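Thanks for coming. Please have a look at the sequence and the model before I start.

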Amino acid sequence: MIINTQIKFFWTKIQKNLLFLLLVLQFVACSKNETFKTESFKTKSGWGYSIAYKSKIIIKQSIIPVISDSKSFSTEDDALKVAHLVVDKLNQHISPTVTKNDLILLKIKL
């Protein structure tokens, strides 16, 4: 009779430890959230931006999208504004396409 009590106590402790370990692993899995990283870079005629995910560049934009001319952003701030807009769209799981209206709303100098 005493043996059964010890075995039951042993399994109860194991179950509690496994439950605790499972909760810790779930917390770690949820907290490890990869984010997009934006960087600006200098081009011959202005500024561009790149967006990386998991240390891999997924978008490198050296010219202003949408416009017919192929010119770079005039300021670093303008390039980063558009980069942040694209990251916002990626985080919302929508198309990262930039429209001319987006450029106007961000007050990008064209």
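This is a predicted model: local features need pLDDT of at least 70, side-chain atom pairs count only at pLDDT 80 or more; totals for chains, interfaces and linings use all residues.

Residues are numbered from 1 along each chain as its sequence is written, and side-chain values use heavy atoms, with hydrogens and water left out.

Strands here are DSSP runs of E with at least two residues, and helices are runs of H or I with at least four, both numbered from the N terminus. Strand 2 and strand 3 run antiparallel and are joined by 5 bridges; two strands pair if DSSP finds at least two bridges between them. Their hairpin has 2 residues between the strands, and Lys-54 takes a positive phi near 55° there.

Now Ile-57, which lies in strand 3, residues 56–61. Is Ile-57 buried or exposed? Ile-57 is exposed, at 52% relative accessible area; exposed means over 50%, buried under 20%, and partly exposed in between, with a 1.4 Å probe and protein chains only. Ile-57 is the bridge partner of Ala-52. Not counting residues up to four places away in sequence, Ile-57 touches Ser-50, Ile-51 and Ala-52, where contact means heavy atoms within 4.5 Å.

Last, the largest nonpolar core, which has 16 residues. Such a core is a set of buried Ala, Val, Leu, Ile, Met, Phe, Trp, Tyr and Cys residues joined through side-chain atoms within 4.5 Å. Helix 2 gives the most to this core, with 6 residues. Among the residues with the most contacts inside the core are Tyr-49 and Ile-59.
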